Amino acid sequence: MFVKIEGTGSFLPERVVDNFEIATKVDTSDEWIQTRTGVKTRHIAGEKDTVASMATEAARRAVRDAGISPEEIDMIIVSTVSAEQTLPCVACEVQKALDARSASAFDVNSACSGFITGYQIAAGQMKAGLIRTALVIGSECLSENVDWTDRGTCILFGDGAGATILRADCRPEEIQIPAVLHADGSKGHVLTCSVGHGKDKVPFADYYQMDGREIFKFAVKKVPEVIGEILEKSGQEVDEIDYFILHQANRRIIESIAKRLHQDESKFPMNIMDNGNISSACIPMLLDQLRREGRLEPGTKLVIAGFGAGLTWGGFYLEW
């Protein structure tokens with residue numbers, strides 16, 4: 001009765017930057033970074049890695065994992081905040097590379113909540129009876145927009161892509177979408193970046209600017225609230241959930257959310273220590289990792305939730 005994830009794939013650039021290398025650029029240390037964020041290493045895009053190329057490779061792996069052909073894809077959605085070009089959109093570049101001729105294609109930008117937004121758009125299209133199979137991707141090259149002299153941001157972010165194949169094998173009217181999306185634009189100033197567009201028309205710097213304290217307070221309050229909304233919509237109790245798949249922004253945020261929900265941290269898988277924060281790619285990449293590790297068996301109950309710039313937050317319930 002749910003829109004299932006039938007295939008997953010991910011891509012990480014070859015170059016790995018550890019905290020000791022970061023410490024040669026700014027006044028910090030491996031211990032300081034790990035204590036405050038949980039990050040040990042992050043992958044940084046090479047000269048040939050782009051948002052589109054990483055999205056395409058993750059998509060190829062997801063298509064292969066799902067055992068389908070590109071011609072079966074009806075819709076391609078790419079979530080990104082870091083595309084190198086405005087036009088054509090990344091999703092159209094992926095469609096071209098895959099030769100997915102039957103698919104519509106477009107990008108979304110709700111920052112780190114982007115994969116959740118993409119999933120809900122695709123699920124809504126399936127419930128409306130408009131599509132049957134979707135490819136939803138999160139792909140980011142955040143290192144291009146990081147100020148490597150700013151200790152508050154350069155320690156956090158990495159590059160990579162995650163992709164999922166979504167499919168509903170039931171009648172559209174039977175599909176359930178226990179999902180929630182929220183936004184609060186009045187707090188958008190706590191995480192900004194102009195990436196060069198708009199010039200003097202946009203009052204933001206060309207690099208990521210973040211009020212980490214406000215983001216922390218926002219996340220540890222709003223994510224438990226939205227999880228409560230998702231549980232109510234799905235008819236599940238918090239103790240029945242096998243895993244909470246959260247945006248990988250900061251280890252301390254995830255630990256705080258686990259405590260507020262009175263759940264063991266083992267139910268909150270993390271890969272932030274190896275990958276850093278890759279914005280909208282975090283959740284699909286973590287799903288791919290769990291799938292490859294054999295931790296997602298049929299019937300596994302998941303709550304997937306995230307938060308990001310905008311400010312945006314949301315999530316959904318899913319049975320594997």
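Analyst: We go from the whole chain to single residues, with the general idea before each case.

User: What should I know about the model before I start?

Analyst: This is a predicted model: local features need pLDDT of at least 70, side-chain atom pairs count only at pLDDT 80 or more, and totals for chains, interfaces and linings use all residues. Residues are numbered from 1 along each chain as its sequence is written, and side-chain values use heavy atoms, with hydrogens and water left out.

User: How many helices and strands does the chain have?

Analyst: Helices (H or I, at least four residues) and strands (E, at least two) are DSSP runs, numbered from the N terminus. Here the chain has 10 helices and 13 strands.

User: How do I read the overall size?

Analyst: For 320 residues, a compact globule would come near 20 Å. The chain has 18 Å, which agrees. Along the principal axes, its C-alpha atoms fill a box of roughly 55 × 45 × 40 Å.

User: What share of the residues is buried?

Analyst: Buried means under 20% relative accessible area, exposed over 50%, and partly exposed in between (1.4 Å probe, protein chains only). Of the 320 residues, 54% count as buried.

User: How do I read aromatic pairs?

Analyst: Rings of Phe, Tyr and Trp (its six-membered ring) pair if their centres lie within 6.5 Å. Planes under 30 degrees apart count as stacked, over 60 as edge-to-face and the rest as tilted. This structure holds six aromatic pairs. Take Tyr119 and Phe316: their ring centres are 3.8 Å apart and their planes at 5°, so the pair is stacked. Tyr119 is in helix H5 (residues 114-127) and Phe316 in strand S13 (residues 312-319), so the pair links distant parts of the chain, 197 residues apart. Tyr119 is buried at 3% relative accessibility. Phe316 is buried too, at 1%.

User: Which pair is edge-to-face?

Analyst: Phe218 and Trp313 form one, at 5.4 Å centre to centre with 80° between the planes. This pair also links distant parts of the chain: Phe218 is in helix H7 and Trp313 in strand S13, 95 residues apart. Both Phe218 and Trp313 are buried. Ring pairs join Phe218, Phe307 and Trp313 into a cluster.

User: Where does a charge sit over a ring?

Analyst: The test is that NZ of Lys or CZ of Arg is within 6 Å of the ring centre and within 35 degrees of the ring normal. Here the charged end of Arg151 sits over the ring of Trp32, 4.2 Å from its centre.

User: How do I read a pocket?

Analyst: On a 1 Å grid over the protein atoms alone, a pocket is an open set of points where a 1.4 Å probe fits, with protein on both sides within 12 Å along at least five of seven lines. Lining residues have an atom within 4 Å of a point. Grid points are joined across faces, edges and corners, and a volume is the space filled by probe spheres set on the points. The second largest pocket holds about 520 Å³. It is lined by 28 residues, and Leu156, Met210, Gly212, Arg213 and Asn250 lie nearest its centre. Elements giving two or more residues to this lining include helix H2 (30-37), helix H7 (212-234) and strand S12 (301-308). H7 gives the largest share, five residues.

User: How many of the lining residues are nonpolar, polar or charged?

Analyst: Ala, Val, Leu, Ile, Met, Phe, Trp, Tyr, Cys and Pro count as nonpolar, Asp, Glu, Lys and Arg as charged, and the others, Gly among them, as polar. The lining of the second largest pocket has 13 nonpolar, nine polar and six charged residues.

User: Which residues have a positive phi?

Analyst: Asp99, a residue other than glycine, has phi near 60°. Asp99 is in the loop between H4 and strand S5 (104-108), and is partly exposed at 33%. His262 has phi near 55°. His262 sits in the loop between H8 and helix H9 (272-275), and counts as exposed at 70% relative accessibility.

How values were computed
The radius of gyration is taken over C-alpha atoms; the globule rule is 2.2 Å times the number of residues to the power 0.38.
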